[in-house]
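I opened the model to go through the fold, the contact between the chains and a few single positions. My entries follow in the order in which I looked things up.

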2 protein chains.
Amino acid sequence: MKPESSYDTYRSKLAKIADLGFAGAVLGWDQQVYMPKNGARARGRQLATLSTLGHEMFTDGGFGSLLDRLESSAELNSEQRINVALTRKDFERKKKYPDAFVEKMSLVTSEAFGAWHEARTKKDFSIFKPLLEQIVQLKREETRLLGYTHHPYEALLEDYEPGLTVAKIDEVFDRVRKELFPYIRQILSRPQPDHSFLMKHYPKAKQWTFSEKMVRQMGYDFDSGRADDAPHPFCTTFGPGDVRITLRSDEHEFTMMLFAAIHEAGHGLYELGLPLEEHYGLPLGSALSLAFHESQSRFWENNIARSLPYWKANYPVLQQEFPENLASVPLDAFYRGVNRIEPSFIRVEADELTYHAHIYIRYLIEKALIEGSIEVADVPRVWNDRYEEFLGIRPSNDSEGCLQDIHWSYGSFGYFPTYSFGSFYAAQLAAAMKKQISGFDGLVEQGNLAPILEWLRTKVHSKGRSLNSEELLIQTTGKGLDVGDFMDYAKSKYGSIYGL
Amino acid sequence: MKPESSYDTYRSKLAKIADLGFAGAVLGWDQQVYMPKNGARARGRQLATLSTLGHEMFTDGGFGSLLDRLESSAELNSEQRINVALTRKDFERKKKYPDAFVEKMSLVTSEAFGAWHEARTKKDFSIFKPLLEQIVQLKREETRLLGYTHHPYEALLEDYEPGLTVAKIDEVFDRVRKELFPYIRQILSRPQPDHSFLMKHYPKAKQWTFSEKMVRQMGYDFDSGRADDAPHPFCTTFGPGDVRITLRSDEHEFTMMLFAAIHEAGHGLYELGLPLEEHYGLPLGSALSLAFHESQSRFWENNIARSLPYWKANYPVLQQEFPENLASVPLDAFYRGVNRIEPSFIRVEADELTYHAHIYIRYLIEKALIEGSIEVADVPRVWNDRYEEFLGIRPSNDSEGCLQDIHWSYGSFGYFPTYSFGSFYAAQLAAAMKKQISGFDGLVEQGNLAPILEWLRTKVHSKGRSLNSEELLIQTTGKGLDVGDFMDYAKSKYGSIYGL
């Protein structure tokens, strides 16, 4: 077989696997948004079949020797070589999982989901504890199966942010702990801005009318996407021209739908900007990492849509939509209201500063569980102690505490740091953009976000997985991750809001 | 391998194939109801991948020898034997298609769809003609690949109504031609009932409120289904507890949404009544035939929902919903209005009597094309002549004429007769039900349709593919297909409406 036709075989195989994956995404989306309740059982097995078939196609023996042939070929161009090299990396990683391990993990996590749900409803960690113990044992085993250089947690991190080390996370969070947390305490010593106008009655349909305008203004194209209601907001991709978002809303909490829409559309713009048409199912058509994905959603949500220039452009439109709630609220008061900093127990409702305490706590606990320095029985106590230490509040029960997030119940360890790193990347990208795009704030004040999207498309989205996060940051901002940009952003913005 | 474990292997293989099929159904449904337009290209390839994988799994060599083992085993129970025998039949049929033929057909039909669409828009048969010629050639070849006893058309019929013969269709339609068509002419000599009140303004949301009530009254369960808007109404199954319908509506044509909802829910009740949970992906969990499927939708739509007892129960509710349109229209006038008989060019809008002329014409033409007694070039003329002969009207262009239906463009020959046979089966089932369920009309007048659904579930739905249509009719009604029941129904109902 000639190299060129080997590449075609490789490409067509990965395209088929992608077809199965995207089909699974459609079924998963429908499961969340439209499926009637009696459809659940069959849907579970259909999703399992699609994912098993995809996994079997990817790991079958013939694929390894196809990759061998491609690697030894001199006739591939540079993009083709990158695709093959990254596929090899994925292939070697997937091969390390014995069938028995995958089966065990799938069995335990599907039982764990129910136990977690029951434990949370009953506010009783002991219901979830035995399952979480099994999961932690399995994750420790997984780190041994996968191997690692410095720390077992890094074996798991690789799924979410390739190349990230425990040393780097510790260094970054150390600065967060020393600079951000004291700064939050300073903020909390100041008078709080009013935000009662956000809790008035905002009819859902009108919320959506406004949210849709904002999402279109970002450049999200409804010919290549749509928005539906779901219990939790998410973004999902079905192919190059079909990237959808889901939303939830609260008629008495105005910010929930809007910022979720902008956040998810931020993910959506990244997906739509990937060269997926050209590299369908291939690494160059895929997002760089979950952490970098999160930088895109958080950039739009926080750095753009919670900024003063953004509301200079859009607040008059919002006031027109809801005169009864907002006519008497000046722009500056509105801006301060949507940027109120206030410690709380619930991660997904946290403001953009205290959020990182939530993440840091989860990171410390999951790292300690994986390295074995604490056991599952210690989790509730450590959790509550840390909330008291970092945020000055102590959960009154485990549902407010360590049972709050679903991640561990499905075996996800190493995911949490991506939320904070996404924010830090976003701040660094925003700082670079302000230097590189002339009149940045002025553009935002005019509601002209096209140059910003264009910058992201050219410098980030179109790169696929060709670089890792650190390399991409160097290429776009001239330096690797520097959490100082986030600290500068935080102090400049909140210093002005809170008069510090 | 022991027979029991062979059966498990067989069962699990067909379940996986069903998973792929149902996944394809979800993707196909989404394509019609929610997919943004730029998603079309990738969706096409994803659907092709799912269907190819399913086909490959079904026809692979190992499956044939697995069936051999099962057939020679003495340890299967009678249901298992039925499943295996019907799967053998499907397997042998599928095996007769050479890959090159399948590929050619898929290529030609995908091109033909575009040509048909363009031809219909431009009212110009010549655009579609060369593609239809290729399709007819391929279908003729297909009859030779599949083989047949009496008439090549029967080889194709087998996909839609196993066991049905050309002789039987000719015999049935001969009676339709001799009895029904003259009867329609008699009807048309009488004064037409008024139906102008159906064309007033009926807001869509209120139409759906009423349609939903009617569909629930039939026993369609929204915990196992849902209804969405689509360009064409259809029913689709995603698994044992998830059978959905789609609807279209016209705010100035009241009957469109309601009768489509009832029709599709009739299909849906059949699917929900199949023993699919127990026989997931197996013949006993599948519908008997497309023709029998159609009997279920038409039974509910025509024999129930266009009957006087039905409107005795439901017209007061409808009047309350739309007092501005219907308060002054008496029950009897409404009943006559929704049962107006009037020749037209468009099959999907035809009343329940002239409908069979539309089908007969299509049947005569497609049979003649397959046997070679006419060629594609003759189609427009034969079509128009037949409309004039049977219905006394002549299409003024090919869009009103032979370009009206999509079926031939995707290679579907043998499908059309199922529409008429569905009606004839429905009339025969209805006649039997009236004898077997005491106080049938009274139940309908009270809106109590549960005993009717129960009858269908027990005698029809639960049987899966264990019998063919003729056998099932004998078992439920004491005789094979007798179109006399339909004629009696037609004359009794329309005799009273038109005073004949």
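I take helices (H or I, at least four residues) and strands (E, at least two) as DSSP runs, numbered from the N terminus.

**Ground rules.** I note that this is a predicted model, in which local features need pLDDT of at least 70, side-chain atom pairs count only at pLDDT 80 or more, and totals for chains, interfaces and linings use all residues. Residues are numbered from 1 along each chain as its sequence is written, and chains are lettered from A and ligands numbered from 1 in the order in which they are written.

I looked at what comes after H20(A) and found A:Gly478, which has a positive phi near 85°. I then listed the buried residues of helix H20 (residues 469-477) of chain A: A:Ser469, A:Leu472, A:Leu473, A:Thr476 and A:Thr477. They lie on the same side of H20(A), because their arc around the axis is only 100°. That arc is the one spanned by the directions from the helix axis to the C-beta atoms. For burial I use C-beta atoms placed from the backbone: a residue is buried with 20 or more other C-beta atoms within 10 Å of its own, exposed with 12 or fewer, and partly exposed in between. The packing partners of the buried residues of H20(A) are helix H11 (290-304), helix H17 (417-436) and helix H19 (450-459) of chain A.

**Chain A overall.** I counted 21 helices and three strands in chain A. Its radius of gyration is 23 Å, close to the 23 Å that the globule rule gives for 500 residues, so chain A is as compact as a globular protein of that length. The radius is taken over C-alpha atoms, and the rule is 2.2 Å times the number of residues to the power 0.38. Along the principal axes, the C-alpha atoms of chain A fill a box of roughly 70 × 50 × 50 Å. I find 42% of the 500 residues of chain A counted as buried. Among contacts in chain A with a separation of 6 or more, 71% are between residues 24 or more positions apart. A contact here means that the C-beta atoms of two residues, placed from the backbone, lie within 7 Å.

**The strands.** How is strand E3 (residues 242-247) of chain A placed in the structure? Six of its six residues are buried, so E3(A) is largely enclosed by the rest of the structure. A:Asp242, A:Arg244 and A:Thr246 point one way from E3(A), while A:Val243, A:Ile245 and A:Leu247 point the other way. I count strands as paired if DSSP finds at least two bridges between them. Strand E1 (residues 227-229) of chain A pairs with E3(A) in the parallel sense over three bridges, and A:Ala227 has A:Ile245 as its bridge partner. Strand E2 (residues 235-239) of chain A runs antiparallel to E3(A), joined by four bridges. In that pairing, A:Thr237 is the bridge partner of A:Val243, and A:Thr236 stands opposite A:Arg244. E2(A) and E3(A) make a hairpin with two residues between them. Five of the five residues of E2(A) are buried, so E2(A) is also largely enclosed by the rest of the structure.

**Two loop positions.** I checked A:Tyr97, in the loop between helix H4 (78-95) and helix H5 (99-122) of chain A. A:Tyr97 is partly exposed because 15 other C-beta atoms lie within 10 Å. Leaving aside neighbours within four places in sequence, A:Tyr97 contacts A:Val102 and A:Leu145. A:Thr165 sits in the loop between helix H7 (152-157) and helix H8 (166-188) of chain A. A:Thr165 has 16 C-beta neighbours inside 10 Å, so it counts as partly exposed. Not counting residues up to four places away in sequence, A:Thr165 touches A:His150 and A:Glu154. The C-alpha atoms of A:Thr165 and A:Glu154 are separated by 5.9 Å.

**Chain B against chain A.** I found 30 residues of chain B in contact with 30 residues of chain A. On the chain B side, helix H1 (3-33), helix H2 (40-59) and strand E2 (235-239) of chain B each give two or more residues. Since 100% of the interface residues of chain B are also interface residues in chain A, the copies meet through the same surface.
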